[in-house]
Amino acid sequence: MKVRIKFSKQGIAKFIGHLDVMRYFQKVMRRADIAICYSGGFSPHQIMSFAAPLGVGITSLGEYVDIEVEDSEPIATMKERMNQTMAEGFQVESITRLPDQAVNAMSLVAAARYHLTFRPGYEPEDPKGWMKELEEFYGQKEIRITKKTKKGQKELDLASLVYELSAQGEGVTMVISTGSEENIKPDLVLDAFYQSKGMERDPFAFLIQREEVYGRIPGGEGPFPFLSLEKLGDCHE
Amino acid sequence: MRKLALPDEILLSIQQPARYIGGEVNMCIKDPKSVPIRFAMCFPDVYDIGMSHLGIQILYDMFNRREDIYCERVYSPWTDLDKIMRERHIPLFALESQDPIRDFDFLGITLQYEMSYTNVLQILDLSQIPLHAADRGEDMPIVIGGGPCAYNPEPLAEFFDLFYIGEGETVYDELMDRYKENKKANGTRIQFLEQAAQIPGIYVPAFYDVSYHEDGTIQSFTPNRPCAKERITKELVMDLDQVNYIDKPLVPFIKVTQDRVVLEIMRGCIRGCRFCQAGNIYRPMRERGLDYLKDHAAKLLKSTGHEEISLSSLSSSDYTKLEELITFLIEEFKGKGVNISLPSLRIDAFSLDVMNKVQDVKKSSLTFAPEAGSQRLRDVINKGLTEEDILTGAASAFHGGWNRVKLYFMLGLPTETREDIEGIALLSEKVAETYYDEIPKEQRRGKVQVVASSSFFVPKPFTPFQWARMNTKEEFIEKANIVRQKFREMLNNKSLKYNWHEAELTVLEGVMARGDRRVGAVIEAAYENGAIFDSWSEYFQESIWMEAFQRCGLSLDFYTTRERSLEEIFPWDFIDAGVSKEFLKREWQKAMKEEVTPNCRSRCAGCGALKFEGGVCFEGKN
Ligand code: SF4
């Protein structure tokens, strides 16, 4: 049966890169005695797939990994068993059973919510005002930028990929396009603003936290056609 | 959440920040304020290497079982962070509490290979601890050295307060108790060292004086105060089942060299290869019990979540219950997604059968370590592997589907002739021929691949070859070229490949291995001129070292190529490693006569280790 695990990555865990997070969870499965399914072949590997890699240095409240476990696996105790063997900074937040025909988290990812604040010591004179200005900038209908890609450069309209952006006191929350279609990072969102002001961004100026990862509601429309991967897993049932 | 010693700005601009943050699964957490003794355990190389070392994990676990000690870890910051820490005067810190090392009571540094000596100075320097023990004040940690290189501690004598000679599980408790008592009684640093010097296995270098003959050899080596013992006898564990093994090893976040459960099945070796230091200093060979190992295998896999388990020993084929152990591991864990990695076993029907079960024959290769290219030279070094063993082993492996073979050799062994050297290519050729002779064309899966590698021989203390003359760099390179040339002449040269190690590094390793106290100045001078991570060929700079020798007025050849007389007092002679000097002399003379010595199980060679009253010496005798 398929199971979706939601976990958070806080504190020192933000320094652990994506590949190491994958290896880390493989070991968690063994320590917590999760009856995870293995692929065939001479060196079998666990059936496990992560939703969206998170950059080093970013904390998160909502990361996802899908696994397949034996039907005998008691889901009720899974979260607790896993949390008993976690390293500093990692915690399982929820476990959701998925329907057998569910597609994996990775192909569902459409957007992610981030919260940004200034790193202490890097604040401008008026952080609230600064955040307000950023919000206004993204109130524009269209923001053309050139984005560096693996193949070179391409032009795109950033405004259409930033689904939400609102200043909240001295911080800002944004929901931006993520995943295989158009993967936008918070840095890119910041850079466009900095460029418009003719300023250079200090790479350490912000503390960034990912708060949630979303998939598109099947047939969903309107200004916010997304649902968290956790809820999206549920609604198939 | 623990605080970190380094700010995000630094951690996010260096390679692998996870090396410096701690927080791994099974890390020990204590309140530093509530423990009387803080011990920093150091492996002086990068985290990825240091975390792979079993011995440190054993000691980490052992210390932390005591409520009155908090043992933490520290490794060499990699060159990128090293530079930043120097520029900004950031003191080196321990991974657990992230507190500066200089605030600890002890800094224990394991000495696993000679070329890590400049990193020892790096650790002291970055910790802001004076390099010389004599310059350390009352508030500085006591710096302890241990590990195999402590069997000749002399090149490092000035940098350490004390050395622990032998296996760590035995007298550390006593040492720590003495420390606590002394602290309570408001005793001084020197008072503690005087106490420590009386504990078996503990060597306090400051309590000994060395004088030299005019020719540079040692004239005398004597204690300069009553508390110091004449001879330091190595410490060892006689019943390995009675000492704690780790239950919960640390599990690093990043992929380190040894990313698996390591099960130490025995210590020591019965074989008596004359070049091998480990085989001599860990005598007598002692095994762990089968039940003990089975129990620990399960516990360790569970507590780490590792997907691989491997056995560790000097010669696993000599473990008496090997077959039962491996069968157990396969039956118990193979179906659970656990890989079983076997150490190089003697190639026979049993080992081929299990290898077939645990690894993909198409991808794996067979390993033989003949060490020398001719039977004559193999007799000199007392390596019991014959050409017939290799060729029959290879033949059965080829029939079993393997077609890759690795062969390990050494160049520069005592008495070596051109014939012995060329023998490396000839033996490799014979292995290739065996494949083509044994396996009919239609059954072959491509060519056979024979990869021969040679390292250069370094004479080590406490081996019969401690008297041997070491080759010069030029001799080494010339020999490697002879081998290479000979490989080109072989009919099957398309199936053969030959690699050799760098010679420059080996020569220095030779100096450190048999160096005396005066070599310390050379290490310091090299370090001051930028030598660091010398065991990493990309960082090793020969010229720095040559300059350091010149600056200190010492000759490299004195330590390497000089002929040593049987009467010479060696810098390490004050240590009793179990094997007696008489035995080593006997073996050295037998080597010159090309005579072999049987292994401990065939016939005791009277090496001296009998006095420890256990292990293989008493096998089947109680
Ligand atoms: S005393 Fe004999 S049996 Fe014991 S280790 Fe030495 S040679 Fe081997």
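These legends go with close-up views of a predicted model.

**How to read the views.** Residues are numbered from 1 along each chain as its sequence is written, and chains are lettered from A in the order in which they are written. Local features need pLDDT of at least 70, side-chain atom pairs count only at pLDDT 80 or more, and totals for linings use all residues, while side-chain values use heavy atoms, without hydrogens or water.

**View 1. Helices α5 and α17 pack together in chain B.** Helices here are DSSP runs (H or I, at least four residues), and strands are runs of E (at least two), numbered from the N terminus. Residues 117-126 form α5(B) and residues 519-528 form α17(B); their axes are 9 Å apart, at an angle of about 65 degrees. Axes are lines fitted to C-alpha atoms over the stretch in contact, with angles from 0 to 180 degrees between N-to-C directions. The angle makes α5(B) roughly perpendicular to α17(B) (a term for 65 to 115 degrees). Contact (heavy atoms within 4.5 Å) involves Tyr117(B), Thr118(B), Leu121(B), Gln122(B) and Asp125(B) of α5(B), together with Ile523(B), Glu524(B) and Tyr527(B) of α17(B).

**View 2. Helices α4 and α5 cross in chain A.** Here α4(A) spans residues 127-137 and α5(A) spans residues 186-196; their axes come within 11 Å and cross at roughly 95 degrees. These two helices are therefore roughly perpendicular as well. On the α4(A) side you will find Trp130(A), Glu133(A), Leu134(A) and Phe137(A), which meet Leu190(A), Ala192(A), Phe193(A), Tyr194(A) and Ser196(A) of α5(A).

**View 3. The largest cavity holds about 180 Å³ of space.** A cavity is a set of points, on a 1 Å grid over the protein atoms alone, where a 1.4 Å probe fits but cannot get out; lining residues have an atom within 4 Å of a point. Volume is the space filled by probe spheres set on the points, which are joined across faces, edges and corners. Of the 17 lining residues, Gln57(B), Pro249(B), Gln258(B), Arg260(B) and Val262(B) are the closest to the centre. In chain B, α3 (54-65), β10 (261-264) and α9 (290-304) each give two or more residues to this lining.

**View 4. A cis peptide bond joins Arg283(B) and Pro284(B).** Omega is about -5 degrees at this bond. Look for Pro284(B) in the loop between α8 (277-281) and β12 (286-287) of chain B.

**View 5. Gln128(B) has a positive phi.** Although Gln128(B) is not a glycine, its phi is about 65 degrees. This residue lies in the loop between α5 and β4 (142-146) of chain B.

Methods:
Angles under 35 degrees count as roughly parallel, over 145 as roughly antiparallel, 65 to 115 as roughly perpendicular and the rest as oblique. On a 1 Å grid over the protein atoms alone, a cavity is a set of points where a 1.4 Å probe fits but cannot get out, and a pocket is an open set with protein on both sides within 12 Å along at least five of seven lines; lining residues have an atom within 4 Å of a point.
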